[in-house]
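This report describes one protein chain, shown below.

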Amino acid sequence: MFKKTIIISCLALCSLGIFGSPAQAAEPETLSPRNAGIATMAAFTAQGDLDSLRPAINQALDSGLTVNEAKEVMLHLYAYCGFPRCLNGLNTLISVLEERQAAGISDPVGREPSPVDPNRDRLAIGTKIQTELVGRPVSGKTYDFAPFANTLLREHLFCDLFERDLLTFQEREIATVSALAGIGNVNNQLTGHFRCSMNAGVSPEELRELVALLSEKVSKKTGANAKNVLDKVLQK
């Protein structure tokens, strides 16, 4: 009788998850419509495919992205695909917003980024963010050969851009991965930013969905290459 009571008690505790085995497993994280919109916007902006970018912007705005957040995605991408495609993306965003306004759609502008101290130590802030995302202090032959490259990365990319709080680190990494996948032939950087994405809190399931989205919306070639890179990252 005593043994029977112990067994029943243990089963009850397990069903409550007290022994680390909850009755129902947690639902896997999935790529939100908002992040899917960011991803397709980023890929088409990086490719310079403005015809495909227009519906991607519409989808992103419909999924809840504010005007300032959509603008921020474009501004973030200049560090990866250059000012010409960033500016073309911004001009396409302006055109889409004008069309939506003419159609009676009122998109929320959203807030501006929080102000920062102009006298802050940008190198220290950028180094901290870079180390957090990469998972270790960054070094190597490239930065021994051209130290200013890492100074630019830390002071400008990881401080000036990443500290702007209109987008989360996860959203910035989703935009970055999508842009790099869209550009192609930058698999070393794509590998690094898949890792940064997970260090920022993007789940492997979200990244798999992102790769599938790129294959469906951008091109099978883009998706297949991104999947190959992601598979190697996850194997490690």
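The model is predicted; local features need pLDDT of at least 70 and side-chain atom pairs count only at pLDDT 80 or more, while totals for chains, interfaces and linings use all residues. Residues are numbered from 1 along each chain as its sequence is written, and side-chain values use heavy atoms, with hydrogens and water left out.

**Overall make-up**

The chain has 12 helices and zero strands. Helices (H or I, at least four residues) and strands (E, at least two) are DSSP runs, numbered from the N terminus. Of the chain's 236 residues, 39% count as buried. Buried means under 20% relative accessible area, exposed over 50%, and partly exposed in between (1.4 Å probe, protein chains only). When contacts between residues at least 6 apart in sequence are taken, 72% join residues at least 24 apart; contact means heavy atoms within 4.5 Å.

Helix α6 covers residues 122–134. From its first C-alpha to its last, α6 reaches 18 Å, close to the 18 Å expected for its 13 residues at 1.5 Å a residue. The expected span is 1.5 Å times one less than the number of residues in the helix. The buried residues of α6 are Gly-126, Ile-129, Gln-130 and Leu-133. They lie on the same side of α6, because they cover an arc of only 100° around the axis; the arc is that of the directions from the helix axis to the C-beta atoms. These buried residues pack against α8 (147–161), α9 and α10 (187–200). Just after α6 comes Gly-135, with a positive phi of about 95°.

The end C-alpha atoms of α10 are 19 Å apart, which agrees with the 20 Å that its 14 residues should span at 1.5 Å a residue. The buried residues of α10 are Leu-190, Thr-191, His-193, Phe-194, Cys-196, Ser-197 and Ala-200. Their cover includes α4, α6, α9, α11 (204–217) and α12.

In the loop between α9 and α10 sits Asn-185. Asn-185 has a positive phi, near 60°, although it is a residue other than glycine.

**Single residues**

| Residue | Relative accessible area | Class |
|---|---|---|
| Ser-178 | 0% | buried |
| Asn-225 | 23% | partly exposed |
| Glu-155 | 24% | partly exposed |
| Phe-83 | 47% | partly exposed |
| Asn-185 | 81% | exposed |

Ser-178 belongs to helix α9 (residues 169–183). Not counting residues up to four places away in sequence, Ser-178 touches Ala-39, Ala-42, Ala-43, Leu-210 and Leu-214.

Asn-225 is part of helix α12 (residues 220–235). Beyond its neighbours within four places in sequence, Asn-225 is in contact with Asn-187 and Leu-190. The C-alpha atoms of Asn-225 and Gly-184 are separated by 8.1 Å, with the two residues 41 apart along the chain.

Glu-155 is found in helix α8. With neighbours within four places in sequence left aside, Glu-155 is in contact with Arg-122, Leu-123 and Asp-160. Glu-155 and Thr-127 are 28 residues apart in sequence, and 7.7 Å apart from C-alpha to C-alpha.

**Aromatic pairs**

Rings of Phe, Tyr and Trp (its six-membered ring) pair if their centres lie within 6.5 Å; planes under 30 degrees apart count as stacked, over 60 as edge-to-face and the rest as tilted. The count by this rule is three aromatic pairs. Tyr-78 and Phe-83 form a stacked pair, because their ring centres are 4.2 Å apart and their planes are at 15°. Ring pairs also link Phe-158, Phe-162 and Phe-169 into a cluster.

**The largest pocket**

On a 1 Å grid over the protein atoms alone, a pocket is an open set of points where a 1.4 Å probe fits, with protein on both sides within 12 Å along at least five of seven lines; lining residues have an atom within 4 Å of a point. The largest pocket holds about 780 Å³ of space, a volume being the space filled by probe spheres set on the points, which are joined across faces, edges and corners. Its lining has 23 residues, and Tyr-143, Asn-188, Gln-189, Gly-192 and His-193 lie nearest the centre. At least two lining residues come from each of α4 (67–81), α6, α8 and α10. α10 gives the largest share, seven residues.
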